[in-house]
Amino acid sequence: MLKCIIWCAVSSQAQNEPDKISLPQQEADSRALAEGNGWEIIDVLRVPGHSRRYIDFHRLASDAAKKGVDAFNRLHEHWEAQDFDIMIVRDGDRFARTQALHAYVVERTIKIKARIYSLQDGWIDERNYRMWIAMGGYKAAGDIDRLVKARHKAMDARAERGLPITS
């Protein structure tokens with residue numbers, strides 16, 4: 001029986017409020033995939049509102065742990081133990097918002113002979129992981145860059161109109 005871990009993440013506490021469905025939906029979709037294929041779920045790693053806009057995985061793991069988020073440290077433990085065959089994730093930007101971090105997570109997972117199943121992109125394995133690193137890293141980092149730029153533009157427009165730019 002194949003063993004899998006599930007990775008679920010959102011970037012902010014606001015996305016983790018009880019009325020939001022992203023985190024529970026990521027887990028439910030991943031569980032359905034695993035159960036439908038007869039895979040054993042050995043762990044569910046949740047990031048309930050922490051930025052993944054880091055370059056260094058270990059700094060991210062440390063910063064997240066200080067805020068009570070242990071998913072990154074537990075992922076590292078799974079890599080060390082090499083105890084899973086598949087990591088299920090909605091898409092690559094769930095574990096990274098920079099190209100460097102995206103590449104690190106993907107390469108570490110592939111290096112232990114595991115595969116990634118992206119609910120959005122399908123199988124990522126030794127045959128196509130470099131392409132997914134290139135494309136997924138670009139998408140993950142580009143999406144956040146566009147969001148930050150749009151926020152700055154909106155704040156500038158509010159300031160020009162004399163409206164408050166803080167909450």
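I counted the salt bridges first, and the structure holds 11 of them. I took a salt bridge as a side-chain nitrogen of Lys or Arg within 4 Å of a carboxyl oxygen of Asp or Glu.

I note that this is a predicted model, in which local features need pLDDT of at least 70 and side-chain atom pairs count only at pLDDT 80 or more, while totals for chains, interfaces and linings use all residues. Residues are numbered from 1 along each chain as its sequence is written, and side-chain values use heavy atoms, with hydrogens and water left out.

**Entry 1: overall layout**

I looked up the secondary structure and found five helices and five strands in the protein chain. Their order from the N terminus is β-α-β-α-α-β-α-β-β-α. I read helices (H or I, at least four residues) and strands (E, at least two) as DSSP runs, numbered from the N terminus.

Of the 167 residues in the protein chain, 42% are buried. I used buried for under 20% relative accessible area, exposed for over 50% and partly exposed for what lies in between, with a 1.4 Å probe and protein chains only. The accessible surface of the chain is about 9,400 Å², and carbon and sulfur atoms hold 51% of that surface. These areas come from the Shrake-Rupley method with a 1.4 Å probe; for residues, only the protein chains shown count as cover.

I then checked contacts, meaning heavy atoms within 4.5 Å. Of those between residues at least 6 apart in sequence, 69% join residues at least 24 apart.

**Entry 2: individual salt bridges**

I examined R31 and E27, whose closest N and O atoms are 2.9 Å apart in a salt bridge. Both residues lie in helix α1 (residues 22-37), four residues apart, which is about one turn of the helix. R31 is partly exposed at a relative accessible area of 29%, whereas E27 is buried at 15%.

Which parts of the chain does the pair R74 and D43 tie together? The two side chains meet in a salt bridge at 2.4 Å, N to O. R74 belongs to helix α3 (residues 71-81) and D43 to strand β2 (residues 40-48), so the pair ties together parts that are 31 residues apart in sequence. D43 is buried, with a relative accessible area of 16%.

I also recorded the salt bridge of D91 and R94, at 3.8 Å, N to O. Salt bridges that share partners join R90, D91, D93, R94 and R97 into one network. D91 counts as buried at 3% relative accessibility, and R94 counts as buried at 5%.

**Entry 3: helix α4 and what follows**

I compared the length of helix α4 (residues 99-111) with expectation: its 13 residues should span 18 Å at 1.5 Å a residue, and its end C-alpha atoms are 18 Å apart, which agrees. The expected span is 1.5 Å times one less than the number of residues. Buried residues in α4 include L101, V105, R108 and I110.

K113 follows α4 and has a positive phi, near 70°. K113 sits in the loop between α4 and β4 (115-118) and counts as exposed at 75% relative accessibility.

**Entry 4: packing of α3 and α4**

How do α3 and α4 pack? Their axes are 10 Å apart, at an angle of about 30°. That makes α3 roughly parallel to α4, a term I used for angles under 35 degrees. Axes are lines fitted to C-alpha atoms, for helices over the stretch in contact, and angles run from 0 to 180 degrees between N-to-C directions. L75, H76, W79 and E80 in α3 meet Y104, V105, R108 and T109 in α4.

Key. Angles under 35 degrees count as roughly parallel, over 145 as roughly antiparallel, 65 to 115 as roughly perpendicular and the rest as oblique.
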